[in-house]
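My notes follow the model.

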Amino acid sequence: MPEDRFELLEKKYGGTEVKNAPKHMTLGRGGGPGSAMSANGKPKDMKKTVLRTLSYIGKEKKLMAIAVFFALANTVLSLIGTYRLKPIINEFIYYDPNEADVTPRLAALGTALIILTAIYLGSVLSHFLQQRIMLAVSQKTLKNLRKELYDKLQELPISYFDYNAAGDIMSRFTNDVDALGEMLNTTLIQIITGAVTLVGTVILMLATSLILGGITIVMSPLMVIASKQIIKKSRGAYQRQQKSLGMLNGFSEETISGQKVVKIFDHEDMSAEEFDYLNNKLLDAQIEAQFRSGLMGPVTHQLSNVTYAITACVGGILIITNNFDVGGLTVILNFTRHFNRPINEISMQMNTVFSALAGAERVFEVLDMPEEMDDPDPVIPEKLTGEVKLDDVSFGYIPGVPVLKHISLE
């Protein structure tokens, strides 16, 4: 397939800007008008997209507040449960050959274990309620967003549907909104609980041992730096993935709905070549996006393992040389996992975040489109004769991109 056909295909479906076009308008059927992506595929205003997404969640303030409450309860109970391991290990998990009656100690151990079990059961229940309520919040948010998007389509001018394929519009209703829903279902609440976990863990670690707690805190900037670099590379890749997906959807919908025309004009082979080109473009974008975001988990996980190993070694030395208790070391090591777990979980969810924000931008592009205006000076004919005549009519929605050229008919 000649090179110029590739360019025309991307121009038709890929959001290529047109010279002398009205503000926020592009010719592309895939990227859509007013595309928020620069030439390198990065979003122009990530902060604005995040804040606007949160504004939709804010419409469910009561349910969101309850979900956050249970998320905080789950996190706090989990931290308390971990901290209570210290007295259990120090006071009960040992053997004294001179102790004649171990019954009181076993009774006290049983009481401590019952309390610990109750704490963890409360944590599990809080987690269940948090997940259930957050699902309700996310689905109601998506329902309102889809309704607003559908109502907006009823107010857009015909020109919008001329330079945007139906498949790409449908992609915004389905793929982009679903990607946003996946983030709201899990990732948002993980960020909230992760922040509380980090703060609570730091406080309890430093209260247990300044030296061992300091090791974890000192190592944490390495994770932040590594995550920041990977996020920087992955963001643009996910923008290109969502754009390529919209292009493929637009082409597929248009080709399938016009299959009769394709067959009449013997266009099957050319259509297959064009589909292969767009399909391979989406393949490349998805591989790049998934690979870059997939690096986040292994990198942060290995850095957390290094932190764990260093903490364990230094803690062992402190037990031998500084009379540090075994229960304290056990709790510190558990807190090291607590501290690194939110970072690992959030990093593993970054592909969901990037897809969601890329999809949200595409949805907001439609919502920000200017609506069709009433003609301020309509022409009202004095007499109707039942005859329509076009005399040398040329017309186009975008300057320099004509739709009709010198059409005359009666």
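I started with K152, which is buried at a relative accessible area of 10%. The model is a predicted one, and I read the value from it as such. The cut-off for buried is under 20%, so K152 falls inside it with its 10%.

Next I looked up the partner of K152. The side chain of K152 meets that of E371 in a salt bridge, 3.5 Å from N to O. I noted that this pair joins distant parts of the chain: K152 sits in helix α5 and E371 in the loop between α13 and β1, 219 residues apart. E371 has 40% relative accessibility and counts as partly exposed.

I stayed in helix α5, residues 103–155, and checked K147 and D151. Their closest N and O atoms are 2.6 Å apart, and the two form a salt bridge. Both residues lie in this helix, four residues apart, which is about one turn. D151 is partly exposed, with 34% relative accessibility.

I then went back to the loop between α13 (350–367) and β1 (390–395), where D368 lies. D368 makes a salt bridge with R52, at 2.8 Å from N to O. R52 belongs to helix α2 (residues 46–57), and 316 residues separate the two partners.

Last, I logged the count for the whole structure: the search finds six salt bridges. Among them are R52 with D368, K147 with D151 and K152 with E371.

Key
Residues are numbered from 1 along each chain as its sequence is written. This is a predicted model: local features need pLDDT of at least 70, side-chain atom pairs count only at pLDDT 80 or more; totals for chains, interfaces and linings use all residues. Side-chain values use heavy atoms; hydrogens and water are left out. A salt bridge is a side-chain nitrogen of Lys or Arg within 4 Å of a carboxyl oxygen of Asp or Glu. Helices (H or I, at least four residues) and strands (E, at least two) are DSSP runs, numbered from the N terminus. Buried means under 20% relative accessible area, exposed over 50%, partly exposed in between (1.4 Å probe, protein chains only).
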